[in-house]
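Please keep the sequence open beside it as I talk.

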Amino acid sequence: MNIVGLKVEGREHPLGVDCLTPGFGWSYRSQGERSVIQSAYRIRVYKIQEQEEAEVWDSGRQPGRRHTCIAYSGAPLESATRYYWRVKVWDREGNLWESALSWWETGLLHAHDWKARWIGAPEGMTAPDSPLPLLRREFAVRKPLRRARAYVSGLGHYELRLNGAKIGDRELEPGWTHYDRTCLYSVYDITDQLAIGVNAAGMMLGNGFYNVSGGRYTKFKNSFGLPKCLVQLELYYTDGTNDTVASDGSWSACEGPITFACIYGGEDYDARREQAGWDRPGFAAAAGGKGWAAAAETAAPLGTLRVQQAQPLKVKCRFRPEKATQTAPGVWLIDLGQNFSGWTEIAVSGPAGAEIILTPCERLKGSGPDQRMSGAPYRLTYTLKGEGVEVWRPRFTYYGFRYVQVEGAEPLPDGPEDTGTVTDLADAAEPGMDQALRRGAALASGRAVLLGIEGQMIYPDVAEKGSFECSDHMINRIHEIINWAVLSNMKSVFTDCPHREKLGWLEQLHLMGPSVMYNYDVETIFSKVMEDIRDAQQPSGMIPTTAPEYIVFQPPWDMFRDSVSWGAAYIISNWDLLLQYGNPGSMRTHYPGMKRYAEYMASKMVDGLIMHGLGDWYDVGEDGPGFAQNTPVPLVETAIFYQMAAILEEMAGILDQQEDGAYFQQLKLALAQAFNAEYFNPDTGHYAGGSQTANALPLVLGLAEADNREGILGAIVRDIEERGWHTNAGDVGHRYVLKALSDNGRSDIIYRMTRQTDHPSYGYQIANGATTLTEAWDGPTVGKSQNHFMLGHIEGWFYQGLAGITTRFDREEQAFRITVKPAVVGDLSHVSGHCFTPAGQTAVRWERCGENGFRMTVDIPVNTDALVYVPAVSAESARETGRDGNPAAREVTQVSYEDGYALYAVGSGTYIFESIITAAQPHRMEQSGHSFSP
């Protein structure tokens, strides 16, 4: 039992935790052992590395398999303190295993721990058109340091600098919130950035969503206040003493080189306004520095200050230009080959005052940029200072794009190799032209020279936890474009698009959440969004469709604000945090808010139905993508409310809220009765007008009566076949159509749907040049956003259907249960997929062998149980061969044979199964009831 991945509050070695009772968890790295189970654990926490007198908590030996979200219950934790911990576990044979020593640090836990004051630009530097401010302070490090920390918040965004260098590689800090409710701060280890003697701290401030003043394109225009920051440096010396350096009126402020910054509209930077050394010691800010004055102490924002727990944004991918085309004199179009979200970085030379304008876009109109569907105008402008090679990229804005138009510079093929940040544009040079002559001629004419350009993609520093690959190129490509869209829209919230809106529309969270969880470790991001939803909840209990709620949709557009198919994310995603991460803490914290939302929705029922909302947004119909066309809105909204009530009934049981449980049970039954009475037609055997969405929702959620389920499934299949193996479902319904088919043994239908390249299909998007999943099924041909992940529900089927992996947290055992049940469909010859549970990695690799042979290797992590379904023509045709040559391995016995699968119950370990299969697996109608996530 190799214990790894020790986490506190969902993160390894977190620097800054402000929870007073943090949760501990750990994973296991498999060493091939079979059926290894944790039988007990013991956690010990120390204030000093494993000194008995410094122990602050000993859990004692606790029996059981639990290894996630174990709450600390020792002595009160102190602020800004490093704590050490390790865990010992016992297996069921009584063998003892011990982890390596790990640690976490607390943040500033109490208001009185903050000595810093909020500061910003003084009067005279706060006009709407004033450049963004710089703030600085020199301070002394008096003796050798043991450690040093920076506790920083800057609203809307900031860049912290010490002694001439940016601290860390985080971008767009802090995360977006409803700043009147919550403001986030981050913690940095700055020990190595300081030296004995005089040091200098600098802050660059950006507007972000805190101050959207407009000036160019804006979707949301409002201000919580002017940019401001809170900085507290804690210096801990080796002799046990400490100093605090805190932001206050003793800091200096100056207008900086960023003359315009808008999260929606872009950024302008005038390098001539730079003051060399402003963030270094010895800079004469008070005497010789230009335009410096005392910083203004300002009122604190209204929101509660909390540590940012979610992973920070970083530059995670870089893209080289694939093509550079001159479209007009001095105008070049750069194709980066991939649609993504982020910015461009450029290396330029030229005379002072030369201006370079960068216009990014997803689509082209003729040979120029087309921002009509992505928010216009958006641009980035850099004004040169005229000093050698200048490298620049924006700091406080980002955009979704593939192309960038460059105006005001000529690209040359001899870009500097020593910048380390931008790529060469050799392909843009005219053949045979002397490079030095071109450079000299450009400079002599007063033009700037573009030496290099690259695209930089930003998204949270999340660990990749899954992978999928199969023998079908189309399926692999669909998997790729979905994940490009997921990462492009994964910020501190899950946005709908990375340009036009950048809003946290909530339906994506619960509809796509399980798919995202297969691929990435997003526990802390989901927990953060739950807090955003809490902050957005209205006094009435209503949860708006976006969180943070920056835009309030008013009548007659209030259906864009109040739709249970969106608001239900509060309940469903909290449930997913429990099922996928074994995390009950978020559910416990937010249960009162979830209950209030259910009561609000219940108060809006008319004859037992929810009549308002968006329903199956963006379904396929004659009117084009937009409002639902095929399925009644009340059908969809009522079905999702039923799902919500069913989950809340289970949550109430877990939390021992018996009265609530009875209420939600009655609510669920009343919704089911009203739903079936209104929408099920016994003569036709289907719901409402018979759309795929109308039939799939009751089938998946358990609203359909058992005797009707086979006919309802048949109606879905017939409709898909009659449409040429296409869906007509939208944003909400498509997920349930796929689940209705997959859960009931009809993955063969889904496979046929993935093979289509005409509209509407994923293949149509790829065939028409999409490099990310698009907003509408029409893909690149209809316009709209070219970077949305809301229709990416097929991703869940890749893992759960084709690879066959389903993971669930067993609340009774406090451990994870895994089901492996692959769908062998079409002409697929092999499938490989893996994902991590908090216990460790689960992996499945299967392949066809010869005409009817089948071979599957399954890896199950320690401390988990699994049911493995092996496709086989008979019980006798299947066997487990992984024990061959390893007599010490526990033998595996077949439990049963049902519906074309030989069933095995196994524990941890690696298993190899072989069987004989038919060309296609038989259809089996699933008779189980509720299914809330993939």
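Predicted model: local features only at pLDDT ≥ 70, side-chain atom pairs only at ≥ 80, totals over all residues.

Let me begin with a pair of strands, S45 (residues 840-849) and S46 (residues 853-860), which run antiparallel and are joined by 7 bridges; strands here are DSSP runs of type E with at least two residues, helices are runs of H or I with at least four, and both are numbered from the N terminus. Within this pair, Glu-847 stands opposite Arg-855 of S46.

Residues are numbered from 1 along each chain as its sequence is written, and side-chain values use heavy atoms, with hydrogens and water left out.

The two strands belong to an open sheet of 6 strands with antiparallel pairing, in the order S39-S44-S45-S46-S51-S48, where two strands are said to pair if DSSP finds at least two bridges between them. At the edges are S39 (466-470) and S48 (879-880), each of which pairs on one side only. Helix H15 packs on this sheet, touching S39, S44 (830-837) and S45, and its direction makes about 75 degrees with that of S39; contact means heavy atoms within 4.5 Å, and axes are lines fitted to C-alpha atoms, for helices over the stretch in contact, with angles from 0 to 180 degrees between N-to-C directions.

How many of the residues of H15 are buried? For H15 (residues 794-802) it is 9 of the 9, so the helix is largely enclosed by the rest of the structure, taking buried as under 20% relative accessible area, exposed as over 50% and partly exposed as in between, with a 1.4 Å probe and protein chains only. Among them are Trp-797, Phe-798 and Tyr-799, and also Glu-795 and Gln-800. Just after H15, Gly-804 takes a positive phi of about 85 degrees.

My next topic is a helix pair. H11 (residues 709-722) and H12 (residues 733-743) pack at an angle of about 115 degrees, with their axes 11 Å apart. That makes H11 roughly perpendicular to H12, since angles under 35 degrees count as roughly parallel, over 145 as roughly antiparallel, 65 to 115 as roughly perpendicular and the rest as oblique. On the H11 side, Leu-713, Ile-716, Val-717 and Ile-720 meet Val-737, Ala-740 and Leu-741 of H12. The residues of this contact divide into 7 nonpolar, no polar and no charged, where Ala, Val, Leu, Ile, Met, Phe, Trp, Tyr, Cys and Pro count as nonpolar, Asp, Glu, Lys and Arg as charged, and the others, Gly among them, as polar.

Finally, some backbone details. The peptide bond from Ala-547 to Pro-548 is cis, with omega near -5 degrees, and Pro-548 lies in the loop between H4 (523-536) and H5 (564-567). The bond from Pro-555 to Pro-556 is cis too, with omega near 10 degrees, and Pro-556 is found in the loop between H4 and H5.

Leu-172, although not a glycine, has a positive phi of about 50 degrees; it is found in the loop between S15 (165-166) and S16 (182-189), and at 4% relative accessibility it counts as buried.
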